[in-house]
Amino acid sequence: MAPDVLAADDSGIARAAAALQRGELVAFPTETVYGLGADAWNPAAVAAIFAAKGRPSTHPLIVHVASIEGARAVCTEFSPLAEALARAFWPGPLTLVLPAHPDLPRAVTAGGATVGVRIPSDPTALALLRAFGGPLAAPSANRHQEVSPTRAAHVVRSLGARIPFVLDGGPCTSGIESTVLSLVTRQILRPGPIAPQALRAFVPDLVVTEGLTAHVGIHAAPGLSSRHYAPRATLTVVHPADLAEAWRAADRENTVALLRQPNGAIPRHASRILGDEPQSYARELFAALSAADDDGATEILVEALPDGEAWWALRDRLGRASAAR
Ligand code: TXA
Ligand code: MG
């Protein structure tokens, strides 16, 4: 049995909102990746997210809201800095980690004192949040440690009959998960579409640590597990100068190359061109990893990305996708 795939029209959104009100799970599009949503105030509904994903209970969930008022309702403190960041970046791909309302289900916060909150910008996500009328806890809508879904079909393939509904809003426009910023420690916990430079205007003492590795315990970010976002194929990051050699040495029938721009050493049919700037690259990356799996590739060669903060979130995703099993 596959989930019901609902069109993102008034009737689909109404059915999805009604299912959420009954405590059921609904996968829905956001501008970053598809989320697996449940009523954030309903402990049984939130528990069902962990069961469907096979996710460890030590990983807290992001709460999605439709307004700053909605964000205030799940926090004990929404500081002037939170307010300024919200006004600058919401709706959008920035998750703020704030002091949590004590009545939130423990599963949302993983038993911690903080909660991650954001207003997504995807119109279907906003329409769903408004129709539902409350906060939605939602991790990415994939089985634990699989590639995050950027198309409804990816959700169906990863979660299948474990969930009743997927709201299909088309491809995600941003393509990688939100930047997670802790306003408790002023640290970026997960790099994402909002680059550090954009945040420094508001948080001059921003803590940026490239190559954060797994933190253990309730504040662990699942995005920090060393192996994450992983396709089935083996993924190897190759310096541009070494691509031709890597291609010669590869099992060429079963290898695909993810490139920023066409490379004469690698045939067009075996290449996927993701683009030469971070926004276009991010939009295509997870779909390209999923497509490699669909095509039965056993090896993925990825052209190494440039240094610098603008590509940080993407270097981070590639590093985790290539970590040893
Ligand atoms: O773009 C996104 O963030 C997507 C869409 C659906 O909104 N969601 C997403 O959720 O990627 P998930 O569960 O796959 O990743 C959530 C990230 C993790 O790194 C998690 O540890 C961190 O947010 N996080 C959530 N709540 C937190 C908290 N209270 N303290 C620290 N980190 C938190
Ligand atoms: Mg995830």
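The side chains of Glu-69 and Arg-72 form a salt bridge, with N and O 3.4 Å apart. The model in which this pair is found is a predicted one. Both residues belong to helix α3, which covers residues 68-72. They stand three residues apart, about one turn of the helix.

The two partners can also be described by their accessibility. Glu-69 is exposed, with a relative accessible area of 55%. Arg-72 has a relative accessible area of 31% and is partly exposed.

In helix α4, which covers residues 80-89, Glu-83 and Arg-87 are four residues apart, about one turn of the helix. These residues also form a salt bridge, and their closest N and O atoms are 2.7 Å apart.

Arg-87 counts as exposed because its relative accessibility is 60%, and the cut-off for exposed is over 50%.

Side chains of opposite charge can pair when their charged atoms come close. Glu-69, Arg-72, Glu-83 and Arg-87 are linked in a network of salt bridges.

Another salt bridge joins Asp-316 and Arg-317, with the closest N and O atoms 3.0 Å apart. Arg-317 is buried, at 1% relative accessibility. Asp-316 is buried as well, with a relative accessible area of 10%. The count of salt bridges comes to 15.

## The chain as a whole

The secondary structure of the chain consists of 11 helices and 14 strands. Along its principal axes, the C-alpha trace spans about 60 × 50 × 35 Å. A compact globule of 325 residues would have a radius of gyration near 20 Å, and the 19 Å of the chain therefore agrees with that value.

Of the 325 residues, 57% count as buried. Among contacts between residues at least 6 apart in sequence, 68% join residues at least 24 apart.

## Surface and charge

The chain carries 28 positive and 31 negative charges.

Key: Residues numbered from 1 in each chain as written. Chains lettered and ligands numbered in written order. Predicted model: local features only at pLDDT ≥ 70, side-chain atom pairs only at ≥ 80, totals over all residues. Heavy atoms only, no water. Helix = DSSP H or I, 4+ residues; strand = E, 2+ residues; numbered from the N terminus. Rg over C-alpha atoms; globule rule 2.2 N^0.38 Å. Buried < 20%, exposed > 50% of the residue type's maximum accessible area, 1.4 Å probe, protein only. Contact = heavy atoms within 4.5 Å. Lys, Arg positive; Asp, Glu negative; His and termini not counted. Charge placed at Lys NZ, Arg CZ, Asp CG, Glu CD. Salt bridge = Lys/Arg side-chain N within 4 Å of Asp/Glu carboxyl O.
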